[in-house]
Amino acid sequence: MTNINILPIELPDGYEYMYESFNETNGSVKFHAGFRVNILSHEEALKWIDAFEESAHVKLKKPLGRASAIIINSSRFIFKGKWVCQHAHNFASGEPQANLHGRPKQKKCIDCPMHITLKILRQTYWTIKVHKEIQKFPHSVDLNFDHNHSYFSARSLSHNSVSEEAKESLSRLFRNGMGVRESYNAHRKAIVQIHKECKDAHSRCSIEAVLADASICPTERQVRYMFAKFTEEIFGAHNGTKMWEHIDTYVKEYNVRNSEQGGCIKYRPPVKSGNEFVIALSSPLMTRVRKMYNENAAMIFVDSTGSVDSHECVVTLFVIATNCGALPVGITIAGGKYSLTTVWPEITQLLCLFHILQAVWRYLFSIESGIGKENRQAIFQKSKLCVYGEECDAEIAKHNLLNMQEMSAPATTYFSQLWKVSKEWILYHRSKLDYCGHNTNNYCEIIVRTFKEGVMHRVRAVCLGQLLINLTQDHDGFFSNPLFDTSHWRCVLTWYYL
Ligand SMILES: [Zn+2]
């Protein structure tokens, strides 16, 4: 009786089988079978057991203790090995444990008795005499297929250990800057695509079975665990002294590696019991931009952004306007605020005219302004005249604004305060400056947007270590695009880089 599968499960293709025994335990898929296969070496036997896991939809593991040993080339066996179902062995003793919601915890070890033993006997006078056709079928299999659970169910498949292929594919997605949910979805999508094209061995199963199998498509919890391990390894600890130790090492390495090209990072860690720190960095690209566009660097656009990492750091981008669009000249990461004039006392600060008017408009809409909704527009129109008026007009406009009947007491205080820094936002004060008509901060706004999309991929960095890596490694690659586009005679998209 060879090559006719009498078992209710599939055996690996490409081998010849000779059955010795087959007993059905209770008319279900539970059975005991003994058969022999035309396998001669232990390497082939190990390949067969991998193929068996795939074809019979079971996940096996080595049993505990002495039984786990694989015997190769002993006096009696060329090869001997035993495997048990992944649900064998009950490690958890006592009562089943409950989770926080009172439901029993999902347990992987439920004492499943299923096991399989593979043997290749040495061919001696006696074995040849006792075992029929041992020369052709030397490899014997003793299979006890008596799971105490449904062996091909979503629940059982969810316990499968994550395969190396899945681990590799997911860590590739992590390296590309994806978060947990994103990489989980991308990995699933790729599996569905491969299954559709039927190029994979898994395509024998339905797509539902493939997606339920945690070895191919890990659960979100498994992905989260892998992500945490990955980030810890690559980006260092997520907080505390260890994080700063990692940053210190990274900064030192970076400075050594990039000093020739002009890359440099300097930082001040938080003092004891304080949370304020600042990191200033200039990548090789930024240093080159400052050098090559020396004249353009007279006017620097500055904007800060938050929500880029889990510590809520403030990332401030310093940008200049060039013929290739906006290019970055420096970046700071800060935990807390710092004043530009303290660092550079000789600079002239100008405010963005769009943002100043936006701030006024928002204030007028707020409850604390005490301005009725019917008066908001009139007051806003007057404050707009202050911003854009000529020298003589602006004074009149200010007088008109502050003496308006509709004005409330808090709004008067607000505008008086605003007037103290009027040199920064009234247009005619700029007439003597060589500022090339840049009245808004749009260059920087665009850079912040493209930075969040192109460098951060709209995902928060898990820790400061990752943020620093993104800003020093991915950043230069991304912002060299407009320079390449210009040098390749490709039109720089004005709406994109402005
Ligand atoms: Zn089992």
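## A tour from helix pair to sheets

Select helix 8 and helix 16: the two are roughly parallel to each other. The model is a predicted one. Helix 8 covers residues 240–258 and helix 16 covers residues 464–479. Their packing angle is about 20 degrees, and their axes lie 10 Å apart. An angle under 35 degrees counts as roughly parallel. The crossing of helix 8 past helix 16 is right-handed.

Now show side chains at the contact. On helix 8, pick Met243, His246, Ile247, Tyr250 and Tyr254. On helix 16, pick Leu464, Gly465, Leu468 and Thr472. Colour these residues by type: six are nonpolar, three are polar and none is charged.

**Step back to the domains**

Zoom out and colour by domain. Domain 1 takes 17–157, and domain 2 takes 164–235. Domain 3 is made of 240–350 + 440–497, while domain 4 is 353–430. Next, find domain 2 and domain 4. Their centres, taken over C-alpha atoms, are 56 Å apart.

Go to strand 11 (residues 314–322) and strand 12 (residues 325–335). Nine bridges join this antiparallel pair. Click Val314, then look opposite: Ala334 of strand 12 is there.

**Strand 5 and its partners**

Move to strand 5, residues 77–85. Which strands pair with strand 5? Start with strand 3 (residues 60–61), which is antiparallel to strand 5 over two bridges. Here Lys61 has Val84 as its bridge partner.

Strand 4 (residues 71–72) also runs antiparallel to strand 5, joined by two bridges. Ile72 is bridged to Phe79. Strand 4 and strand 5 make a hairpin, with four residues between them. Select Asn73 in the turn: its phi is positive, about 55 degrees.

Finish with strand 6 (residues 115–121), antiparallel to strand 5 over seven bridges.

Terms used: Residues are numbered from 1 along each chain as its sequence is written. This is a predicted model: local features need pLDDT of at least 70, side-chain atom pairs count only at pLDDT 80 or more; totals for chains, interfaces and linings use all residues. Axes are lines fitted to C-alpha atoms, for helices over the stretch in contact, and angles run from 0 to 180 degrees between N-to-C directions. Angles under 35 degrees count as roughly parallel, over 145 as roughly antiparallel, 65 to 115 as roughly perpendicular and the rest as oblique. A crossing is left-handed if the near helix is turned anticlockwise from the far one by less than a right angle, and right-handed if clockwise. Two residues are in contact if their C-beta atoms, placed from the backbone, lie within 7 Å. Ala, Val, Leu, Ile, Met, Phe, Trp, Tyr, Cys and Pro count as nonpolar, Asp, Glu, Lys and Arg as charged, and the others, Gly among them, as polar. Domain bounds come from an automatic or database domain assignment. Two strands pair if DSSP finds at least two bridges between them.
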